[in-house]
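Reader: I'd like to learn how to read a protein model feature by feature. Could you walk me through one?

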Amino acid sequence: MSERPTALIMTSKYEGLSMVMLETVARGIPVITSKFKSYDDIVKENINGYSYPMGNIKELAKSIEKVANNNLNPMDVKNSISEYYPKEYFKRLDSSLEYFLDD
């Protein structure tokens with residue numbers, strides 16, 4: 001039996017759409033991340049992870065404690081990014097294309 005990681009810790013100052021965070025959450029593993037631009041497109045506080053102000057080590061430590069003390073449900077973590085899974089993604093893409101093509 002292999003052990004699961006407790007969390008992914010990201011200390012980024014900038015990320016585009018963070019595939020690392022999406023892949024981690026898709027596996028039911030919470031994320032701890034600095035608050036860079038658009039981090040909250042993926043991280044839902046107390047559902048799939050925690051965030052801290054960039055460079056604030058004390059708040060990072062608090063976020064690590066939260067992961068250790070709050071047993072986030074792996075299925076809730078996975079489901080928190082449902083809009084990025086293929087079925088929902090393509091449904092939104094189709095809707096967007098219809099909007100532009102119907103004009």
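Author: Gladly! Let's begin inside a helix: Lys62 and Glu59 both sit in helix α2, three residues apart, which is about one turn of the helix. Keep in mind throughout that this is a predicted model.

Reader: Why do residues three places apart point the same way in an α-helix?

Author: The general idea is that an α-helix has 3.6 residues a turn, so residues three or four places apart point the same way. Side chains of opposite charge can pair when their charged atoms come close. Here, Lys62 and Glu59 form a salt bridge, with the closest N and O atoms 3.3 Å apart.

Reader: How accessible are the two partners, Lys62 and Glu59?

Author: Lys62 has 44% relative accessibility, so it counts as partly exposed. Glu59 is also partly exposed, at 28%.

Reader: How many salt bridges does a search of the whole structure find?

Author: Two. One of them joins Lys44 to Glu83, and there the closest N and O atoms are 4.0 Å apart. This pair links distant parts of the chain, 39 residues apart: Lys44 belongs to the loop between β2 and β3, and Glu83 to the loop between α3 (74-79) and α4 (86-101). Lys44 is partly exposed at 25% relative accessibility, and Glu83 is partly exposed at 26%.

Reader: Now the sheet. What is the order of its strands, and is the pairing parallel or antiparallel?

Author: The sheet is open, with three strands in the order β1-β2-β3 and parallel pairing. β1 (8-10) and β3 (49-52) are the edge strands, each with a single partner, so one side of each has no neighbour in the sheet. From one strand to the next, the twist averages 10 degrees.

Reader: How many bridges join β1 to β2, and over how many do β2 and β3 pair?

Author: β1 is joined to β2 (residues 31-34) by three bridges. Between β2 and β3 there are four, again in the parallel sense. To find these on screen, look for Met10, whose bridge partner in β2 is Thr33, and for Ile32, whose bridge partner in β3 is Tyr50.

Reader: Which helices pack on the sheet, and which strands do they touch?

Author: Helix α1 (residues 19-26) packs on the sheet and touches β1 and β2, with its direction at about 160 degrees to that of β1. Helix α2 (residues 57-69) packs on the sheet too, touching β1, β2 and β3, and its direction makes about 170 degrees with that of β3.

Reader: And how should I read the faces of a strand?

Author: In a regular strand the side chains alternate between the two faces of the sheet. In β3 both faces are covered: Gly49 and Ser51 on one side, and Tyr50 and Tyr52 on the other, are all buried.

Reader: Which residues of α1 are buried?

Author: Met21, Leu22, Thr24 and Val25 are buried in α1. They cover an arc of only 165 degrees around the axis, which puts them on the same side of the helix. The buried residues of α1 pack against β1, β2 and α3. Just after α1, Gly28 takes a positive phi of about 80 degrees.

Reader: What lies in the loop between β1 and α1?

Author: Ser18 is found in that loop. At 1% relative accessibility, Ser18 counts as buried. Leaving aside residues up to four places away in sequence, Ser18 touches Met10 and Ile42. You have already met Met10 as the bridge partner of Thr33.

Reader: Last topic: aromatic pairs. How many does a search of the whole structure find?

Author: There are two. For each pair, read the distance between ring centres together with the angle between the planes; planes over 60 degrees apart count as edge-to-face. Phe36 and Tyr39 are edge-to-face, 6.4 Å centre to centre with 65 degrees between the planes. Tyr99 and Phe100 are edge-to-face as well, at 5.1 Å and 80 degrees.

Terms used: Residues are numbered from 1 along each chain as its sequence is written. This is a predicted model: local features need pLDDT of at least 70, side-chain atom pairs count only at pLDDT 80 or more; totals for chains, interfaces and linings use all residues. Side-chain values use heavy atoms; hydrogens and water are left out. Two strands pair if DSSP finds at least two bridges between them. Helices (H or I, at least four residues) and strands (E, at least two) are DSSP runs, numbered from the N terminus. Axes are lines fitted to C-alpha atoms, for helices over the stretch in contact, and angles run from 0 to 180 degrees between N-to-C directions. Contact means heavy atoms within 4.5 Å. Rings of Phe, Tyr and Trp (its six-membered ring) pair if their centres lie within 6.5 Å; planes under 30 degrees apart count as stacked, over 60 as edge-to-face and the rest as tilted. Buried means under 20% relative accessible area, exposed over 50%, partly exposed in between (1.4 Å probe, protein chains only). A salt bridge is a side-chain nitrogen of Lys or Arg within 4 Å of a carboxyl oxygen of Asp or Glu. The arc is that of the directions from the helix axis to the C-beta atoms.
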